[in-house]
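User: I would like a close look at one part of this model. Please keep the answer brisk.
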Amino acid sequence: MSTAVQGLVAPNPPRAAGRAPALTFALRAVGPLLLLAAWYAATASGVLTEDVLAGPQDVLKTFGELWADGQLPEALRVSVTRAGLGLVLGASTGLLLGVVSGFTRLGEELVDSSMQALRAIPFLALTSLFVVWFGIEEASKILLIGVACTFPMYVNVSSGVRNVDRKVVEAARSFGLGRLAIAREVVLPGALPSVFAGLRLATTLSVIALIAAEEINVTAGLGYLMARATDYLRTDILALCVLLYAVIGLLADLTLRLIERVTMPWRRAVSIR
Amino acid sequence: MSPEVSAESAGLAVRTRGLRKVFGERAVLDGVDLDVRRGEFLALLGASGTGKTTLLRILAGLDAATGGTVLVPPVRTVVFQEPRLIPSKRALANVVIGQGRSARAKGLAALAEVGLSRHADAWPATLSGGEAQRVALARALVREPELLLLDEPFAALDALTRLHMQDLIAELCARHRPAVVLVTHDVEEAILLADRIAVLREGRFVTDLQVGIDRPRDRTDPVFVELRRRLLADLGVDSHAGTPREEVAR
């Protein structure tokens, strides 16, 4: 190089981030596709026999059959409704208590200790008790899912609210905003990242709680489908239900991430200057 | 010390040739040729958006240039406009970050140089703006840089603190003699501190002059006043009205 100078070096700046979206998508697809291929290879080669695990093509065929005769849509409707209602119930309880506990001193003193104590109870241990208290109908199931979803939401929201910039809160107060207005205009938007973190954890947990709730006395839903498949050793239906649980969780998570982008436009504009 | 080399470039700390930086359609830097000698204090002036900070970030190796060559010393440090201290580390730990345990004594010495020995154990959040910026300065100096990059380091400070900081920088740079590139939009600050002042406009240097005033410099010195007037004119400011022409035109 003609401009070489003794003792000097060219700086080594970080490479600009940003890959073609198509390539990113392809890279993300590699892992799941490999897993699918491994599953297919294991069942097609006979390493995994049908009584252990059905192959992906059989599962797909079963999906078609169950969908056509209406069993699957009905089961999905029932299960997703249970998980959804429980999630709404639990997440709003967690949100409310989290804001109260994070934002007010009195709220923290009143709410936090009991929430931390209740959080230590594994919700799975409550399954039978809830059946005794609330019966074998929908109420006990939805309440169990609700309880499970409350705590991750509460923990995240209360810490998110606590971490909201106090200086901005003070400024808002100096401009005459009341406590409710501050909570709505400043605290909640500021805590949104934590709210979404809590919501995503709660969503995952709602599916887990759904499975636990559907273990006992069900006459409809994915859990019912699984219970019957177990009686007849139908590994294709079992695998299908397992996959469907995963798909429900995945779709819920994707939806939340989409909402996250839409509701926090200010986060996309961040750059280092 | 580096051996004497006959080439005229031997005493350089910075060399850029044909440096370009394009954001979208706009060339913020459009063929910048810059040489800074070792131990030289260069002030970069320019209105906002003229690429001063962009140039400094390229010299620091934080951003990539779109084109041209850049050569800088291997050891270079930056003081940013904000202190940028790590809130979870105490002042001394911030100063010696990444330097290993043996740097403790040097870190304390650097804190003493900026007058903060007593605050070595303070958390950054408990420091005032000026103190935090002095910790940032100590963090930059403890690495014994050959090139010290200052990106409007006084801009967020109050007027009195700024005067103290300017004296401190002048004193420390005179003692350690790194090459310095100071980005600022304060013309007086540039004349007070720098050996040489360059003005950026539309991606190029429109002015590049030596400040031939003896130190310590007096703001009321007629040479100082004349230089200030000339630089303000280069920046597009009518020094009598004190109003930027651009603002009026808009």
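From the N terminus on, how do the elements of chain A run?

Analyst: The model is predicted, so local features need pLDDT of at least 70, side-chain atom pairs count only at pLDDT 80 or more, and totals for chains, interfaces and linings use all residues. Residues are numbered from 1 along each chain as its sequence is written, while chains are lettered from A and ligands numbered from 1 in the order in which they are written.

From the N terminus on, the run in chain A is α-α-α-α-α-α-α-α-α-α-α. That is eleven helices and zero strands. Here helices (H or I, at least four residues) and strands (E, at least two) are DSSP runs, numbered from the N terminus.

Take one helix. α4 of chain A covers residues 105-119, 15 residues in all. The expected span is 1.5 Å times one less than the number of residues. Still, α4(A) bends by about 35° at Val111(A). The bend is the angle between axes fitted to the seven residues ending at a residue and the seven starting there.

Now the whole chain. The C-alpha trace of chain A spans about 70 × 70 × 30 Å along its principal axes. Its radius of gyration is 25 Å, whereas a compact globule of 273 residues would be near 19 Å. The radius is taken over C-alpha atoms, and the globule rule is 2.2 Å times the number of residues to the power 0.38. Of the 273 residues in chain A, 31% are buried. Buried means 20 or more other C-beta atoms within 10 Å of the residue's own, exposed means 12 or fewer, and partly exposed lies in between, with C-beta atoms placed from the backbone. Among contacts in chain A with a separation of 6 or more, 75% join residues 24 or more positions apart. A contact means that the C-beta atoms of two residues, placed from the backbone, lie within 7 Å.

Chain A also touches chain B. Twelve residues of chain A and 18 residues of chain B take part. By class, the chain A side has eight nonpolar, four polar and no charged residues. Nonpolar covers Ala, Val, Leu, Ile, Met, Phe, Trp, Tyr, Cys and Pro; charged covers Asp, Glu, Lys and Arg; the others, Gly among them, are polar.
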